[in-house]
Amino acid sequence: LMDPKWAGMIPCRSKDGVSSACTGECGAGTLSPSGATVCTACPPGQFSDRSAQAACVACAGGRFGADGSVNASCSGVCTAGHACPTGSGNSTAMICPAGTYSLPGAATCTLCPPGVYGAEPGHTTAACTAPCRPGSFGSDPGQTSPTCVGNCTAGYACPAGSTSPTTQLCPFGRYSVAASGSCTACPAGTYGDSVGLTSSACSGPCADGYVCPPGSNTSTPVLSCPAGRFGEAATGLCADCPVGRFGVATGATSPTACTACAAGFFGNTSGLSLAQCSGACPAGYYCPGMHLFGPPQRRACCRVQFLLCPAVLGQAKL
């Protein structure tokens, strides 16, 4: 067994390969300080590409060297996700911390670029962990959280990977609150006639007599509802007066504008605009809603289901 005191030492070579005397020079990958009788292997992280060297040279940054390296390539390049400063002795000398990354052969770690973040150490591409999440932005490199630098500004939208709090200005008919990844259509019954709106109230309610579908950019986007219809605030659309009722006014904004069909008349369709509705009740019939009057043998109602034929009480006596 080798005496421990010779560990790391390589006996010098004789010129004839036989003599025990050290008459030759120490070869590449070793060093031989002045007066030394043995050749010492270059330590990890260093190399020697010539013989008879008194000192070895540090491996360049981005490379690493096992002991005894014989050229400037040393043992190879640094592993991705790690950094190998000058004189590194292995391929994973330093793992890149959160918020940074490295490619193979890197001497130092690089900050994750704006718009992305690196939550864990050891990232191997510039994509790091992922883009900054929607509603946030990353204007500075080296972020470690999905919210990156902070929240998007109200009135703007920040899709995933945004680098500014004002990436996308909300257009007409849309709005956003702070930390929004996209702009939202102004609700039915409201409108947005300016850009960068910051609340669901948008620019205000639709003009009287008009309806505003979602995303309207003017207070009068749809012509006023015609007779027999009324504007529904919930949907921003015109709706028919219900069966049995009619509406004569244009621009109605409430179902209360629809009136019951006139006495003696019925309405079997919606959206009627005349007091006579669908027509007169047949002779001998009285239809006040679904109520029946008179003795059982004389009770009668309109032949069509849901017909309404209001009449004065005197006409109810058959």
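Select Cys-132 and Cys-148, which form a disulfide (a pair of cysteine sulfur atoms within 2.5 Å) with sulfur atoms 2.0 Å apart. The torsion about their S-S bond is about -95 degrees, so the disulfide is left-handed. Cys-132 is in the loop between β13 (130-131) and β14, while Cys-148 is in the loop between β14 and β15, 16 residues apart. Strands here are DSSP runs (E, at least two residues), numbered from the N terminus.

The model is predicted: local features need pLDDT of at least 70 and side-chain atom pairs count only at pLDDT 80 or more, whereas totals for chains, interfaces and linings use all residues. Residues are numbered from 1 along each chain as its sequence is written, and side-chain values use heavy atoms, with hydrogens and water left out.

Remain at Cys-148, which has a positive phi of about 50 degrees although it is not a glycine.

Next, select Cys-74, in the loop between β6 (63-64) and β7 (76-77). Cys-74 also has a positive phi of about 50 degrees and is buried, with a relative accessible area of 14%.

Proceed to Cys-186 and Cys-202, joined by a disulfide with an S to S distance of 2.1 Å. Both cysteines are buried.

Finally, select Cys-26 and Cys-39, whose sulfur atoms lie 1.8 Å apart in a disulfide. Cys-26 lies in the loop between β1 (9-11) and β2 (30-31) and Cys-39 in strand β3 (residues 38-41), so this pair ties together parts 13 residues apart in sequence. The whole structure holds 14 disulfides.

Notes
Helices (H or I, at least four residues) and strands (E, at least two) are DSSP runs, numbered from the N terminus. Buried means under 20% relative accessible area, exposed over 50%, partly exposed in between (1.4 Å probe, protein chains only).
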